[in-house]
Amino acid sequence: MIKANDPGIKSWLDVDPNHDFSIQNLPFGIFKTNSLSPRVGVALGDNIIDLVALSQLGYLKPLNFDESTLSSSSLNEFMLLGKGVTRELRNRLSFLFNRENDELQSRSTHISNCLVPIEQATMMMPVNIGDYTDFYSSIEHATNVGTMFRDPNNALLPNWRHIPVGYHGRASSIILSGQDIHRPKGQQKPNENEPPVYGPCRLLDFELEMAFVTYQGKALGQSISTAEAEDYIFGMCLFNDWSARDIQKWEYVPLGPFLGKNFASSISPWIITLDALQPFKVSGPVQEPKVLPYLEYTGEGNYNIDLQVDLKTENGDVNTICKSNYQYMYWNMRQQLAHHTINGCNINVGDMMASGTISGSTPDSYGSMLELSWKGTKPIKLSDGTERKFIQDGDSVIMKGAASKDGVRVGFGSVETKVLPAI
Ligand code: CA
């Protein structure tokens, strides 16, 4: 077991047992305050551990890594040091904040220097995202979409069970939780027999996804195997892949997603390391037919992470409209990364790869409005008496995620985005 994952560890810092950021979590982010420049922090309960302050006080010296990487406005430089440093640093923080150890606990001045209440901090984009890839790896989602738009009897295209289908998205429009978006505009073809029109998207949707962030990969021409893949994955965050269904429907043939997808995708600010998620590994679904050898893997490939989507209307009412789980994924991260690099495609530090919409088998676990309202034929009733087929102006979409086991909770916080009218 990774030392920091020991469920028996309790912190001397007061952390609510139901808090997402337990001492077994220790997620990484970038924050600033009125007096502190952007820097690497680790969340613990309602506080951020300021790693620059901890470094200046000498607490990280025993680890012997380049501590200047912590004074950066992205995690990229730190991630370049590789998985070994991440693991040692998490273990060190776990030791320093463990109530069994006195090294930091007994020094109140040092404590006040290195802790920042989360409410006083401004979170920033955690990663300078180089390239962004979006997969399509939930069989329930792919089946639902295929059923609605093509043929219920042949919902999955012939390649789907053989390839973790994906496309290259746009990194520049990935935004942080809390940033509002405007309803996108574009070309649509609402009527079959009439010419296309231009205007604000009418079928605005979210996609409940999770994304993983990579360490530096291998050189161009080389591949990462499923057995090696976890060494190249830093961690995960929540990911809302905003989608303009009407723009998407008209433009996607034959080259796939474009302007219906690249106007915004929102992420949560804390990256939960793959190390912290290790206790929550579970087996994935049986893959039938058998996959090609380069996609085979051993052991447990999925993670049991409860996911939830809330819709907040402009009057402040919050309705939970979806409950899903990351373990429903047909293709896992190891297979996605192995497939992505099998042709020699190189990946770089800070690349982001999203899962694709994560839908479960029941209608309340569908990860998009398209599926929840079944293409608008089954409107969702909200507590304020209104209905939704898709997302309206003034609505906020909030996604949450957390894994729990043996009294330990490792949560992701949330990603929240409000939709403003088109401009
Ligand atoms: Ca997507």
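**Figure 1. Asp393 and its salt-bridge partner Arg183 in the predicted model.** Asp393 is partly exposed, with a relative accessible area of 33%. The model shown here is predicted. The side chain of Asp393 meets that of Arg183 in a salt bridge, with 2.7 Å from N to O. Arg183 lies in the loop between strand E9 (181-182) and strand E10 (185-188), and Asp393 lies in the loop between strand E24 (387-388) and strand E25 (396-405), so the pair ties together parts that are 210 residues apart in sequence. Arg183 counts as buried, at 9% relative accessibility.

**Figure 2. The salt bridge between Glu230 and Arg334.** The side chains of Glu230 and Arg334 meet at 3.7 Å, N to O. Glu230 is in the loop between E13 and strand E14 (233-240), while Arg334 is in helix H8 (residues 333-341); the pair links distant parts of the chain, 104 residues apart. Are these two residues buried or exposed? Glu230 counts as buried at 17% relative accessibility, and Arg334 is buried with a relative accessible area of 9%. Elsewhere, salt bridges that share partners join Asp205, Glu207, Asp241, Arg245 and Lys261 into one network.

**Figure 3. The salt bridge between Asp50 and Arg39.** A search of the whole structure finds 18 salt bridges. One of them joins Asp50 to Arg39, and the closest N and O atoms of this pair are 3.0 Å apart. Asp50 lies in strand E3 and Arg39 in strand E2, so the pair ties together parts that are 11 residues apart in sequence. Asp50 counts as buried at 2% relative accessibility, and Arg39 counts as buried at 10%. Side chains of opposite charge can pair when their charged atoms come close.

Figure 4. Which residues coordinate the calcium ion? The donors are Asp134 (OD), Glu207 (OE), Glu209 (OE) and Asp241 (OD), at 2.2 to 2.3 Å. Along the chain these donors follow the spacing D-x72-E-x1-E-x31-D. Asp134 lies in strand E6 (residues 132-135) and Glu209 in strand E13 (residues 208-214), so the pair ties together parts that are 75 residues apart in sequence. Asp134 counts as buried at 3% relative accessibility, and Glu209 is buried with a relative accessible area of 0%.

**Figure 5. A patch of negative charge on the surface.** The residues that gather in this patch are Asp14, Asp16, Asp46 and Glu119. Asp46 is placed in the loop between strand E2 (39-44) and strand E3 (47-50). Asp46 is exposed, with a relative accessible area of 54%.

**Figure 6. Two cis peptide bonds.** The peptide bond from Val253 to Pro254 is cis, with omega near 0°. Pro254 lies in the loop between helix H6 (245-251) and strand E16 (265-267). The peptide bond from Glu288 to Pro289 is also cis, with omega near 5°. The loop that holds Pro289 runs between strand E18 (281-282) and strand E19 (302-303).

Figure 7. Most residues other than glycine have a negative phi. Trp374 is not a glycine, yet its phi is positive, near 45°. Trp374 is found in the loop between helix H9 (369-372) and strand E23 (380-381) and counts as partly exposed, at 25% relative accessibility. Asp406 has a positive phi of about 50°. Asp406 sits in the loop between E25 and strand E26 (408-420) and is exposed, with a relative accessible area of 62%.

Technical notes. Residues numbered from 1 in each chain as written. Predicted model: local features only at pLDDT ≥ 70, side-chain atom pairs only at ≥ 80, totals over all residues. Heavy atoms only, no water. Patch = residues over 30% accessible without salt bridge, like charges linked within 9 Å, V, L, I, M, F, W, Y side chains within 5 Å. Areas by Shrake-Rupley, 256 points an atom, 1.4 Å probe, with all protein chains shown as cover. Salt bridge = Lys/Arg side-chain N within 4 Å of Asp/Glu carboxyl O. Lys, Arg positive; Asp, Glu negative; His and termini not counted. Charge placed at Lys NZ, Arg CZ, Asp CG, Glu CD. Helix = DSSP H or I, 4+ residues; strand = E, 2+ residues; numbered from the N terminus. Buried < 20%, exposed > 50% of the residue type's maximum accessible area, 1.4 Å probe, protein only. Donors = N, O, S within 2.8 Å, 3.2 Å for Na, K, Ca; no water.
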